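Trainee: Hi! Could you walk me through this one?
Mentor: Happy to, let's have a look together.

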Amino acid sequence: MTRITRRQFHTSMLGAAAAATLPTFAGANSAQVLRAREGSARLAPSEYPETRIWGYGGSVPGPVLRARQGERMVQRLRNDLPQASSVHWHGIRIKNEMDGVAGMTQSAVAPGEEFLYEFVLPDAGTYWYHPHNRTYEQMARGLYGALIVHEGLDAPEVDMDEVLLIDDWRLTDQAQIAEGFGDMHDWAHAGRIGNWITVNGNSGWSREVPQYSRMRLRLVNTANAQIFALETRGLEGWIVALDGMPLEAPQPLERLTLAPAQRADLIVDVMADEGEGAFLANIERDGGFAIAAFPVVGVKRQARLPAPGALPPNPVPSLGPLETATRSKLQMEGGAMGGMRSAIMGGRTMDIRDMVAEGKVWAFNGIADMGENPLLEAALGETVRIAMINDTAWPHGMHLHGHHFRQIRADGTVGPLRDTTLIDRGETVEIAFVADNPGDWLLHCHMLEHSAGGMMTWLRVG
Ligand code: C2O
Ligand code: CU
């Protein structure tokens with residue numbers, strides 16, 4: 001068993017019990033202003049200065065946006081950053097013109113300008129929002145927030161519902177965000193991996209809980225490139241949803257791998273005794289480190305509650321027959337130790353040295369960056385399968401916009417609905433989905449240095 005240390009908890013372990021706040025709902029049609037601007041945050045302990053960040057509302061994370069399933073969300077982005085930006089509503093099956101992809105579904109919103117986002121929320125679950133312009137820099141500076149869509153009826157009964165956005169930061173010894181966003185070494189390797197982990201912008205996130213209380217924890221990996229390997233101590237429970245979508249049956253919680261952009265909804269019971277620690281920990285090479293603490297104070301009830309049922313399913317269409325589905329292949333190439341010699345960029349073949357000079361080190365099917373033609377065109381309602389072959393020396397977390405997909409397993413059965421899937425080096429993952437959302441949609445690696453470095457393609461639906 002991995003030893004959990006409290007490395008990051010030299011300060012503020014106790015006394016940080018946040019006041020319980022009731023969720024506030026955006027409510028139908030009330031336009032809210034989401035101001036992207038500079039701000040500062042206490043990412044590091046108090047002996048360090050505050051960190052200058054970019055954030056929605058000037059804070060990191062940005063506000064938790066909440067609504068009920070089926071409601072309309074209206075958010076006006078006001079860009080007060082020194083750089084053009086946009087907002088992508090990650091995992092929402094949204095209409096195409098609201099998807100927030102700068103240069104594709106809209107133009108980037110210049111400094112001082114605004115853009116009105118207005119869309120319906122078809123699915124309940126844990127989603128998030130982030131920029132989609134120079135994403136590798138803007139997210140590393142702190143621009144992201146959670147979007148929680150509450151179940152209308154049949155929400156599971158829990159004592160607490162917590163959103164935990166897990167991020168890693170690359171900080172200088174003055175606790176400032178290290179520049180060097182375009183570092184080609186990062187781009188060709190694992191991406192920009194940080195040296196400091198926060199939960200909700202706090203390196204000592206802590207919440208007092210009574211024994212035998214039940215919590216819903218909504219985990220979101222908001223890191224540029226870091227894959228988290230999470231375990232709990234003193235908390236036992238189930239995974240009930242992945243990437244917003246309910247599992248057919250709750251799955252007992254063991255180690256949870258969370259790739260960039262992935263989410264997991266957990267229902268956990270506090271099993272530790274009063275005075276004992278309960279933790280969420282990230283398992284690293286040299287041990288497990290608590291990243292969120294749940295000091296146990298008092299007792300909620302006499303014993304543990306019975307196991308929860310599944311969350312109500314979202315209205316995602318079922319897959320058509322897989323044998324006759326339209327098939328496509330995506331070969332991932334490039335990166336350090338990948339042996340790629342050339343690729344097509346902007347319609348012409350370039351050798352790897354010229355590519356690197358232009359900041360491109362990866363390719364899909366021999367094409368670096370967005371090709372002129374889509375990876376595939378699907379008729380509306382068609383079932384599509386894409387085999388993604390990782391022929392590189394690195395893992396990649398592939399994200400499809402506008403749809404959720406299922407992995408086709410070797411035995412022909414399919415996995416849970418997801419919008420982002422991790423593909424290990426040398427591994428092939430085949431996904432299938434119903435192309436029911438018209439428009440041009442991105443398919444890219446969510447390790448942001450990889451997508452900026454060429455791992456980006458698109459599909460046309462309808
Ligand atoms: Cu979360 Cu194309 O992104
Ligand atoms: Cu990648």
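Trainee: Which strand does L217 lie in?
Mentor: L217 lies in strand 13, residues 214–221. Strands (E, at least two residues) and helices (H or I, at least four) are DSSP runs, numbered from the N terminus. This is a predicted model, where local features need pLDDT of at least 70, side-chain atom pairs count only at pLDDT 80 or more, and totals for chains, interfaces and linings use all residues. Residues are numbered from 1 along each chain as its sequence is written, chains are lettered from A and ligands numbered from 1 in the order in which they are written, and side-chain values use heavy atoms, with hydrogens and water left out.

Trainee: Is L217 buried or exposed?
Mentor: L217 counts as buried, because its relative accessibility is 0%. Buried means under 20% relative accessible area, exposed over 50%, and partly exposed in between (1.4 Å probe, protein chains only).

Trainee: What is L217 in contact with?
Mentor: Leaving aside neighbours within four places in sequence, its contacts include L235, D265, L266 and F294. Contact means heavy atoms within 4.5 Å. The C-alpha atoms of L217 and L266 are separated by 5.0 Å, and the two are 49 residues apart along the chain.

Trainee: And D265, which residue does it form a salt bridge with?
Mentor: With R216, the closest N and O atoms being 2.8 Å apart. D265 lies in strand 18 (residues 263–270) and R216 in strand 13, so the pair ties together parts that are 49 residues apart in sequence. A salt bridge is a side-chain nitrogen of Lys or Arg within 4 Å of a carboxyl oxygen of Asp or Glu. D265 is buried at 0% relative accessibility, and R216 is buried at 2%.

Trainee: Where does R218 come in, what is its partner?
Mentor: R218 forms a salt bridge with D161, at 2.8 Å between the closest N and O atoms. R218 is buried at 0% relative accessibility, while D161 is partly exposed at 28%.

Trainee: New topic: which domains are there?
Mentor: Domain 1 (6–155), domain 2 (164–299) and domain 3 (322–461). Those bounds come from an automatic or database domain assignment.
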